[in-house]
Amino acid sequence: MKNFIPLAKPDIDNREINLVIQTLKSGWLTTGPKVLEFENALSDYLKNDVNIYTVGLNSCTSALFLSLLALGIKEGDEVIVPTWTFAATAQVVDWIGATVVLCDIDKDSLNIDVEKAEKLITKKTKAIIPVHIAGYPCDMERIGNLAKKYTLKVVEDAAHAIGTKYKNKKIGNFSDITCFSFYATKNLAMGEGGAAVSRDKKLIEKIRKLSYFGINKDAFKRYEKNGHWFYDIEEIGYKANLDSMHAALGIIQLKKLDKMNQRRREIASYYRKNLTNKIKFNKDLDEHYHTYHLFPIRLPKGINRNIFIEELKKNNIGASVHFIPLHLHTFYKDRAIYDFEVANRVYENILSIPMYSAMTDEEMKYIVKIVNKIIG
Ligand SMILES: Cc1ncc(COP(=O)(O)O)c(C=O)c1O
């Protein structure tokens with residue numbers, strides 16, 4: 001293969017390009033009608049039996065942070081976070097001054113181990129942040145029951161899971177607030193961007209206010225012909241609003257999302273059927289709809305991961321490791337007192353191979369051929 005096959009690649013065509021150009025020419029670049037259009041489209045896309053409300057934001061990290069604030073999580077509270085995740089899921093808890101309590105994961109899905117999470121609950125535990133790793137849903141029924149039993153707030157980190165279904169319902173219909181990422185590598189890519197969604201309109205309006213300096217609603221309308229110059233800062237807020245160009249990208253990406261997710265599933269199915277049976281895969285039960293943001297593989301014993309990744313690179317194939325468990329990072333190493341037996345074991349031989357909807361059949365077949373050849 002002449003060209004390098006990256007780990008991820010956005011699926012952008014002239015439709016996105018044209019709408020971004022049109023938006024640039026419209027004279028309105030920040031939060032405005034395009035953001036509203038994206039928010040409404042996302043609410044409609046996610047809606048199952050009850051209305052969903054959406055606020056577009058500049059990242060999933062902002063969505064997670066503002067969600068915790070909106071739910072009243074504060075200094076002294078404990079929040080349970082899986083150790084198998086990106087920095088964002090835990091750091092937002094630290095930003096608030098609450099305590100991150102790291103939890104081990106299920107060995108087959110790499111999602112939070114709900115049984116172990118229950119053992120970590122104390123009087124101070126106020127929330128849990130399940131992460132749908134690689135686009136495979138957490139056990140929302142058990143998490144819902146746990147939250148009910150101990151009166152916990154649930155904020156889902158659905159950075160990997162736009163379009164994912166738990167049983168027949170899309171992620172976004174289950175807990176207090178769900179946060180999505182539209183970062184450059186995600187299934188719906190804006191470059192940078194995110195959203196918080198909820199069935200509770202008040203929570204979303206609270207997040208909207210916190211995302212723009214705690215200013216009362218319609219702050220963005222003040223420059224419009226029918227807007228009014230007056231605004232009121234009602235509380236301390238932040239600056240995390242979504243702008244029109246990113247929203248324009250999102251509007252088109254959302255229209256293409258189901259097709260793009262379907263293509264990821266096709267590639268995953270090809271990988272699962274054709275990669276050597278010496279490799280182990282994450283769980284994918286038919287009762288759910290896995291959207292394959294990532295495709296992690298577990299190497300057989302005797303294959304050195306670093307050498308394997310170098311071999312892939314030599315053959316023009318990108319790879320990475322998702323994730324280095326949080327408790328193995330310098331900042332969180334004091335939490336290594338908990339039991340991370342599964343995360344430690346899985347971390348030894350896992351890596352992610354390329355997965356993106358714009359992948360050609362030729363690339364997909366080439367990846368399988370090379371991986372199988374290296375493993376032998
Ligand atoms: C699990 C998880 N949560 C949160 C984030 C943060 O998303 P964003 O870059 O949109 O802030 C990421 C980003 O890669 C992620 O993988």
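User: At what angle do helix H1 and helix H8 pack, and how far apart are their axes?
Analyst: This is a predicted model. In it, H1 (residues 14–26) packs on H8 (residues 244–274) at about 150°. The axes are 9 Å apart.

User: Roughly parallel or roughly antiparallel?
Analyst: Roughly antiparallel. Angles over 145 degrees count as that.

User: And the crossing, left-handed or right-handed?
Analyst: The crossing of H1 and H8 is right-handed.

User: Which residues make the contact?
Analyst: From H1: Arg 15, Glu 16, Leu 19, Val 20, Thr 23 and Leu 24. From H8: Ser 244, Met 245, Ala 248, Leu 249, Ile 251, Ile 252, Gln 253 and Lys 256.

User: How do those residues divide into nonpolar, polar and charged?
Analyst: The contact of H1 with H8 has 8 nonpolar, 3 polar and 3 charged residues.

User: OK, ligand now. How many residues surround it, and which are the closest?
Analyst: The ligand is surrounded by 16 residues. Thr 61, Asp 157, His 160, Ser 181 and Lys 186 are the closest.

User: What does Thr 61 have by the ligand?
Analyst: A polar side-chain atom, 2.5 Å from a ligand oxygen.

User: Switching to backbone. Where is the cis peptide bond?
Analyst: Between His 322 and Phe 323, with omega about 5°. Phe 323 is in the loop that runs between helix H9 (305–314) and helix H10 (341–347).

User: What about phi of Ala 134?
Analyst: Phi is near 65°. That is a positive value in a residue other than glycine. Ala 134 sits in the loop between strand E4 (125–128) and helix H6 (140–150).

User: Back to H9. How does H9 pack with helix H11?
Analyst: H11 covers residues 361–375, and the two helices pack at about 140°. Their axes are 11 Å apart. H9 and H11 are therefore oblique to each other. H9 passes H11 in a right-handed crossing.

User: Which residues meet there?
Analyst: Phe 308, Glu 311 and Leu 312 of H9 meet Ile 370, Val 371, Ile 374 and Ile 375 of H11.

User: What's the split by class?
Analyst: The contact of H9 with H11 has 6 nonpolar residues, no polar ones and 1 charged.

Key
Residues are numbered from 1 along each chain as its sequence is written. This is a predicted model: local features need pLDDT of at least 70, side-chain atom pairs count only at pLDDT 80 or more; totals for chains, interfaces and linings use all residues. Side-chain values use heavy atoms; hydrogens and water are left out. Axes are lines fitted to C-alpha atoms, for helices over the stretch in contact, and angles run from 0 to 180 degrees between N-to-C directions. Helices (H or I, at least four residues) and strands (E, at least two) are DSSP runs, numbered from the N terminus. Angles under 35 degrees count as roughly parallel, over 145 as roughly antiparallel, 65 to 115 as roughly perpendicular and the rest as oblique. A crossing is left-handed if the near helix is turned anticlockwise from the far one by less than a right angle, and right-handed if clockwise. Contact means heavy atoms within 4.5 Å. Ala, Val, Leu, Ile, Met, Phe, Trp, Tyr, Cys and Pro count as nonpolar, Asp, Glu, Lys and Arg as charged, and the others, Gly among them, as polar. A residue is near a molecule or strand if one of its heavy atoms lies within 4 Å of it. A polar contact is a pair of N or O atoms within 3.5 Å; within protein, one must be able to donate a hydrogen and the other to accept it, and residues adjacent in sequence count only if both atoms are side-chain atoms.
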